[in-house]
Amino acid sequence: MTQRISLTLASLTNWQAWDFGRKYEQKDMKERLILKFELNRKQMINANDRPHFHQKAKITKFLRQLAEYEGNNVLRDYFGLPYSEDKPCKVKVRIYPPTNRKYDPPNWSPTSKALFDGLTDAKIWTDDNYNVIVSTEFMHGGKSGNKNYRIELEIYEYHEILQRIVDGI
């Protein structure tokens, strides 16, 4: 089946292939899982921060437990969980800051790593290595609308054939 689809896609233009991939994705993929976390600045770790290791460990433990709690509330059968090496996923991390100040979204990777570890504890995926989480993308999401940060993790299944179509390979 996979070979037949790839041969059919090879004869399509990039736009047609992208459109086919999008329709295929909508029809055959499970819905995307979006987890939202609202945190104040003291509950987050920035890559540029230099907290005392006890303080960092305390924040990391809090974030990990929070993500595990949220992950345990997910309908596993509905989203087809857990993700594994046989069923890899991609993660988009959207950061919603409370102000319009410029910042670098990837600098919040220590916060997202603690959240990923909590989701591993909740068995959303078997492990958070590169064979299970194929790609992690950080992006600005806009203002949070209040005095807290909001972090959204959008998790969806990775299909190699669809990625090749979008990349034009």
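Tutor: Happy to! Let's look at helix α5, which has 13 residues and reaches 18 Å from its first C-alpha to its last, close to the 18 Å expected at 1.5 Å a residue. The expected span is 1.5 Å times one less than the number of residues in the helix. Helices (H or I, at least four residues) and strands (E, at least two) are DSSP runs, numbered from the N terminus.

Please keep in mind that this is a predicted model: local features need pLDDT of at least 70, side-chain atom pairs count only at pLDDT 80 or more, and totals for chains, interfaces and linings use all residues. Residues are numbered from 1 along each chain as its sequence is written, and side-chain values use heavy atoms, leaving out hydrogens and water.

How far can we trust the part you are looking at? The score to check is pLDDT, the predictor's confidence in each residue, from 0 to 100. Among the elements of the protein chain, α5 has the highest mean pLDDT (97), while helix α1 (residues 2–10) has the lowest (35). Over residues 1–29 the pLDDT is below 50, and beyond near neighbours in sequence this stretch has 23 contacts in the model. A contact here is a pair of heavy atoms within 4.5 Å. The protein chain averages a pLDDT of 82, and 76% of the residues score at least 70.

Now go along the helix. In α5, the residues T111, S112, A114, L115, F116, D117, G118, L119 and T120 are buried. Buried means under 20% relative accessible area, exposed over 50%, and partly exposed in between (1.4 Å probe, protein chains only). What covers the buried residues of α5 includes β1, α3, β2, β3 and β4.

Take S112 as an example of a residue in α5. S112 counts as buried because its relative accessible area is 4%. Leaving out residues up to four places away in sequence, S112 touches V93 and F138. N46 is 66 residues from S112 in sequence, yet their C-alpha atoms are 9.8 Å apart in space.

In one of them, D121 pairs with R64, with the closest N and O atoms 2.7 Å apart. This pair links distant parts of the chain, 57 residues apart: D121 is in α5 (residues 109–121) and R64 in helix α3 (residues 53–72). D121 has a relative accessible area of 29%, so it is partly exposed, and R64 is partly exposed at 34%.

K113, also in α5, is 15 residues from D128, which lies in the loop between α5 and β3 (133–140). Their side chains meet in a salt bridge (2.6 Å, N to O). K113 counts as partly exposed because its relative accessibility is 39%.

Next, step off the end of the helix. Just after α5, K123 takes a positive phi of about 65°, although K123 is not a glycine. Most residues other than glycine have a negative phi, and most peptide bonds are trans. K123 is found in the loop between α5 and β3, and at 56% relative accessibility it is exposed.

The largest one has 31 residues, of which I124, W125 and I155 touch the most other members. β1 (33–39), α3, β2, α5 and β4 (149–157) each supply at least two residues of this core. In soluble globular proteins, nonpolar side chains tend to be buried together.

Beyond its neighbours within four places in sequence, I124 is in contact with residues including L119, L81, P82 and I155. P82 has its place in the loop between α4 and β2.

Technical notes
Salt bridge = Lys/Arg side-chain N within 4 Å of Asp/Glu carboxyl O. Core = buried A, V, L, I, M, F, W, Y, C linked by side-chain atoms within 4.5 Å.
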